[in-house]
Amino acid sequence: MSTMLSEDRDFNGLGEQTTDGQTRLTGGSMASIPEYYAGKNVLITGATGFMGKVLVEKLLRSCPEVKALYLLVRPKAGQSMQQRVSDMMVCRLFDRVREDNPDFHQKIIPISSELTQPGLAISPEDVEKLSACINVIFHCAATIRFDEPLKHALQLNVIATQQLLSLAQQMNHLEAFIHVSTAYANCNRKHIDEVIYPPPVEPKKLIESLEWMDDGIVRDITARLIGDRPNTYTYTKALAEYVVQQEQDKLNIAIIRPSIVGASWQEPFPGWIDNFNGPSGIFIAAGKGILRTMRANNDAVADLIPVDVVINLTLAAGWYTAKHRPKPALVYNCTTGGINPFHWGEIEHHVMLSWKRNPLEQAFRRPNTNITSNYLINQYWILVSHKFPALIYDFFLRLSGQKPQMMRIFNRLHKAISLLEYFSSRDWEWNSENMSMLMSQLTPEDRKTFNFDVRQLNWPEYIENYCIGTKKYVLNEDMSDIPAARQHLRKLRNIRYTFNTLLVVFIWRVFIARSQMARNIWYFVVSLCFKFLSYFRASSTITN
């Protein structure tokens, strides 16, 4: 790997690597990234997902001469593929593209597909069309549910990848196949290099073994199969990397491994996010005052990576892979922990500061979340700050004739947090040499346009924009309503202080009624206070 990297660095944009590993000079400087994608036909899977949308937007905005984007889309929830793509394009994410080119939608061509079906359910006519024109493939589609049943995760993350690779081999003009994986595919290791590790099991054998088993048997053996990995997601993504690697002699391949993908850093505007997944849901729950405690290691690195950083690296990797065709395939660990680390304790601090400056509307309680690594302390606060208030709130809902809902919300929250505990309580060391190498290959202009240098990332500013982004784009709240939201928080504060005071007085009075010693202490304290006030008054009179 290191030899191959040093050879690639010597190109300096003046040559290409042929399939037999030889360097072929191009006779001039290499085309910039927008110049490379000009006139290209690009196939994208997962285009209606979070990362896929950002990839489509970035290609249209920063590579305006791209010829066409073919999107594999399935009908969903009664919507046709055309309707899903149309709904995606009216999203605020595309506002900047819309200003530059109101007719940008003409470059988007939806292709009906279903990842769970043989051949991806692509019609013969569409297969012929794609085989004749596609130049670059970006494979972003996957199930990201941590608790996905193994059979379904295997179908979406492994078998669908195999079938897409088979389709890619039929394409006459394909120059690069970019597979988006995850930095946690090998999370059972402490140190993770930019290499493809041996799979936990031969994918073909696993697929054949599970074909004849019913879902109940598979569910029973899943824990033993995934071993020291925390869930089916990381397990199947590791298998998918191996499947992709097997085709590196036939295709020009690169693998992108992002860590925890969060809101945008800079593009198309700071803080853009459109879902509750991962940290977004936690931030919102904290801002609403629902989340009060979370089990995590304050000193562990929270390896967040902005979505625009991932997409910029992905597009740059597509350009580099097509021009240099490196063998073996390059892996890019797209992470921040080893370059610009930020810890869970620091995230908690800055999230709380942000919600105090820019509170959410109609918060349940004032934001006040604490992180602890102690299991018993966390369970205590769950009982006191989550379950007990939820029971009281649901009790009043029942009295008013409404359906109780708060306990159900907290149960869902606890399940989501428990799935993240593995990642919020550990540290990993990722090698990112290939990411640095790729950056060194870009022209100064491309480094600005396709910036993935996370050393420039200001974490406090990013976290504040992230929180504001969840408020604006996920909850659709108006920033002009912040004064009213602050007033609501003040009311909640006053209610809390009043309740706590009454509770202390009530408990103390009950205690006094039952104990002579408590009464003696109470009378002593009151007498002491009275004497102090008398002394203070007498001293003031003498001074005057």
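Leaving aside its neighbours within four places in sequence, with which residues is Val56 in contact? In this predicted model, Val56 touches Ile44, Ala47, Leu69, Leu71, Met88, Phe94 and Ile108, once those sequence neighbours within four places are set aside. Val56 also belongs to the largest nonpolar core, a set of 111 residues. Together with Tyr37, Phe138 and Tyr332, Val56 is listed among the residues with the most contacts inside this core. Helix 12, which covers residues 307-324, supplies the largest share of the core, namely eleven residues. A second core of 44 residues is separate, and its members include Leu43, Leu72, Ile134 and Ala141.

Attention can now turn to helix 10. At the N-terminal end, helix 10 is capped by Asn231, which places a side-chain oxygen 3.2 Å from the backbone nitrogen of Tyr233.

Asn431 sits in the loop that links strand 15 (429-430) to helix 16 (433-441). Its side chain makes a polar contact with the side chain of Asp193, at 3.3 Å. Apart from neighbours within four places in sequence, the residues in contact with Asn431 are His191, Ile192, Asp193, Glu194 and Asn333.

Terms used: Residues are numbered from 1 along each chain as its sequence is written. This is a predicted model: local features need pLDDT of at least 70, side-chain atom pairs count only at pLDDT 80 or more; totals for chains, interfaces and linings use all residues. Side-chain values use heavy atoms; hydrogens and water are left out. Helices (H or I, at least four residues) and strands (E, at least two) are DSSP runs, numbered from the N terminus. A polar contact is a pair of N or O atoms within 3.5 Å; within protein, one must be able to donate a hydrogen and the other to accept it, and residues adjacent in sequence count only if both atoms are side-chain atoms. Contact means heavy atoms within 4.5 Å. A nonpolar core is a set of buried Ala, Val, Leu, Ile, Met, Phe, Trp, Tyr and Cys residues joined through side-chain atoms within 4.5 Å. Buried means under 20% relative accessible area, exposed over 50%, partly exposed in between (1.4 Å probe, protein chains only).
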